Amino acid sequence: MFELVDGPLNVPYFYEKYFNFYKDKNFGAFLSFCGIVRAEDNIQALSFDIYDNLLKTWFDEWQESVKKDNIKLCFAHSRGDVKIHESSYFVAVLSPQRKKGLQILNDFVEDFKARAPIWKYDIKNSQRIYAKDRSTVLKEAGLLQ
């Protein structure tokens, strides 16, 4: 499951949706991570631009890579503005066993931070400011040079 949402995520909705879809599929672990916008540096919100097709390709590669371990991934991310104390990121890992699932969860989140085609902006004083100091150059993208 891969979902992009305009605005903040309704985390209880996604948690329940993913849990209910997979609860009877004989997984031993349902592990999740939720990213929440922190109040720091006087930001009012974060804003996200997403290259949808590239992000879907990245996610599909992940889904394929964990298939051999009988692991499933569910992912939701926000487009546009997300205010402080709201969520922009939710991932669930369904795994036969906790240990492998926890490893995959960590690796997925770290790879997302390094490679996902998402551009983040700070909203300060109602202005959208590119967060270049917290961004990663995407290999061979020709951006952020």
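Trainee: Strands are DSSP runs of E with at least two residues, numbered from the N terminus. With that settled, where is Lys132 found?

Mentor: Lys132 is in the segment after strand 7, which covers 127–130. Keep in mind that this is a predicted model.

Trainee: Is Lys132 buried or exposed?

Mentor: Lys132 is exposed, because its relative accessible area is 53% and the cut-off for exposed is over 50%.

Trainee: Let's zoom out. How many helices and strands are there?

Mentor: The protein has three helices and seven strands. Along the sequence they run β-α-β-β-α-β-β-α-β-β. The radius of gyration is 16 Å, close to the 15 Å from the globule rule for 145 residues, so the protein is as compact as a globular protein of that length.

Trainee: What about contacts between residues at least 6 apart in sequence?

Mentor: Of those contacts, 70% join residues at least 24 apart.

Trainee: Nice. How much of the protein is buried, in percent of residues?

Mentor: Of the 145 residues, 41% count as buried.

Trainee: New topic, His77. Which strand is it in?

Mentor: His77 belongs to strand 4, residues 72–83. His77 counts as buried because its relative accessibility is 2%, and buried means under 20%.

Trainee: What does the side chain of His77 reach?

Mentor: The His77 side chain reaches the backbone oxygen of Ser88 at 3.5 Å. Beyond its neighbours within four places in sequence, His77 also has contacts that include Leu4, Val5, Phe48, Ile50, Tyr89 and Phe112.

Trainee: Last one, backbone angles. Which residue has a positive phi of about 60 degrees although it is not a glycine?

Mentor: That is Asn42, in the loop between strand 2 (29–36) and strand 3 (45–50). Asn42 is exposed, with a relative accessible area of 71%. Ser126 has a positive phi too, of about 65 degrees, and is not a glycine either.

Trainee: Where is Ser126, then?

Mentor: Ser126 lies in the loop between strand 6 (118–124) and strand 7. At 65% relative accessibility, Ser126 counts as exposed.

Notes
Residues are numbered from 1 along each chain as its sequence is written. This is a predicted model: local features need pLDDT of at least 70, side-chain atom pairs count only at pLDDT 80 or more; totals for chains, interfaces and linings use all residues. Side-chain values use heavy atoms; hydrogens and water are left out. Helices (H or I, at least four residues) and strands (E, at least two) are DSSP runs, numbered from the N terminus. The radius of gyration is taken over C-alpha atoms; the globule rule is 2.2 Å times the number of residues to the power 0.38. Buried means under 20% relative accessible area, exposed over 50%, partly exposed in between (1.4 Å probe, protein chains only). Contact means heavy atoms within 4.5 Å. A polar contact is a pair of N or O atoms within 3.5 Å; within protein, one must be able to donate a hydrogen and the other to accept it, and residues adjacent in sequence count only if both atoms are side-chain atoms.
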